Number of protein chains: 2
Amino acid sequence: MGLFNRKGYDATSIGDLAAELGVTKSAIYHHFASKEDLLRLAMDDALDELTMVVSAAVSDTDGTSAYERLRGVVRRSVEVLAAHQPAVTLLLRVRGNTPVEVEALKRRRWLDDQLAGLVRAAIAEGALRDDLSPDLVSRLLFGMVNSLVEWYRPSGANDPVTVADAVTSIAFDGLSRRPQRSQ
Amino acid sequence: MGLFNRKGYDATSIGDLAAELGVTKSAIYHHFASKEDLLRLAMDDALDELTMVVSAAVSDTDGTSAYERLRGVVRRSVEVLAAHQPAVTLLLRVRGNTPVEVEALKRRRWLDDQLAGLVRAAIAEGALRDDLSPDLVSRLLFGMVNSLVEWYRPSGANDPVTVADAVTSIAFDGLSRRPQRSQ
């Protein structure tokens, strides 16, 4: 995953992967059918986690408000991203050049649709401001979450909880000081 | 720029570019020294605009508050991104594999440092909440702006002004309904 992200998936050959891993090309082919097979496994690592998190958030069987479920799914998305940073990076950079990439984009679109639905539900219940397009809100909210792949490193200055707090505080409560705004 | 973004810079050859443009390779080499030269010109398109916008925002000669200048630079960054979407996309995907990419990353870092300084100034003047790390705020704020490259298209449903309004409203004022929060 690291090599795919550094060099770009299309520009990385099985030979490059073998050199990076210190094994022969035939050793890789013994375990995986193709380069695409490796990409699929890597992206599924991120997609399976995100699908679980989003599926749980969109089912409201326990009576939690859409607003609370949306705040929760933002927080948990940050955690998934922090724990699966290389896989999520791959997933977000996919271009749709191969069947595996097309399938990953299809699963990403499903996730995006579910999240946009949750934003609409939170607006409908009156918890979120209704002066912005729900689709635009959804894109920007998860755009901020996804931007983490560009700089977040587990060894860096911020732990996942701090980052999740910052993302939810900014997105839901805003950066401006409260008292100043209400004057 | 479109081909670099679709196929990945490393995986794109001068031959690919010639085929895309319907010209010969030697026609390209007549005008440009190398593939890297093309990448540099493309990224400079975005970097020069962003550098102008950020330089203007960090100079407070007219007495505007850091808060207003920060809100303004967020808004103008959205406009630059909308007008130079392919160039900014290239710039954000650069990996530092060549001297031109290293130089672009250096210029990006300068921009990031200036913006982080402006966030710190806005906190210091008491306009922004002070319970979040300024560097984290700066990364997330411009992470949300940069995420536009993934989906914004001039032909799409949202014009740049609508998107800039949404970004600044979410980031500075938050998504939660004001009255509900103060209850």
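**Chains A and B: values against definitions**

Between chain A and chain B there are 2 salt bridges, a salt bridge being a side-chain nitrogen of Lys or Arg within 4 Å of a carboxyl oxygen of Asp or Glu.

This is a predicted model, where local features need pLDDT of at least 70, side-chain atom pairs count only at pLDDT 80 or more, and totals for chains, interfaces and linings use all residues. Residues are numbered from 1 along each chain as its sequence is written, chains are lettered from A and ligands numbered from 1 in the order in which they are written, and side-chain values use heavy atoms, without hydrogens and water.

Q: What makes A:Arg177 and B:Asp130 a salt bridge?
A: Their side chains meet at 3.2 Å, N to O. The limit is 4 Å, so the pair qualifies. Side chains of opposite charge can pair when their charged atoms come close.

Q: How many salt bridges are there over all chains?
A: The count is 28. One of them joins B:Arg6 to B:Glu20, with the closest N and O atoms 3.0 Å apart.

Q: Why does the pair B:Arg6 and B:Glu20 tie parts together?
A: B:Arg6 lies in helix 1 (residues 2-7) of chain B and B:Glu20 in helix 2 (residues 14-21) of chain B, so parts 14 residues apart in sequence are linked. Helices (H or I, at least four residues) and strands (E, at least two) are DSSP runs, numbered from the N terminus.

Q: How many residues are in contact between chain A and chain B?
A: 46 residues of chain A touch 46 residues of chain B, contact being heavy atoms within 4.5 Å.

Q: What area is buried between chain A and chain B?
A: About 4100 Å², with carbon and sulfur atoms giving 57%. Buried area is the accessible area (1.4 Å probe) that two parts lose on being put together, summed over both. In chain A, A:Arg129, A:Leu140 and A:Leu175 lose the most to chain B, together 18% of what that side buries.

Q: What secondary structure does chain A have?
A: Chain A has 10 helices and 0 strands. Its C-alpha trace spans about 65 × 35 × 25 Å along the principal axes.

Q: How do you know that the span of helix 4 of chain A agrees with its residue count?
A: The expected span is 1.5 Å times one less than the number of residues. The 24 residues of helix 4 (residues 35-58) should therefore span 34 Å, and its end C-alpha atoms are 34 Å apart.

Q: Where does helix 4 of chain A bend?
A: At A:Asp44, by about 30 degrees. The bend is the angle between axes fitted to the seven residues ending there and the seven starting there.

Q: What does A:Glu36 contact beyond its neighbours within four places in sequence?
A: A:Glu36, found in helix 4 of chain A, is in contact with A:Tyr9, A:Thr98, A:Pro99, A:Val100 and A:Glu101.
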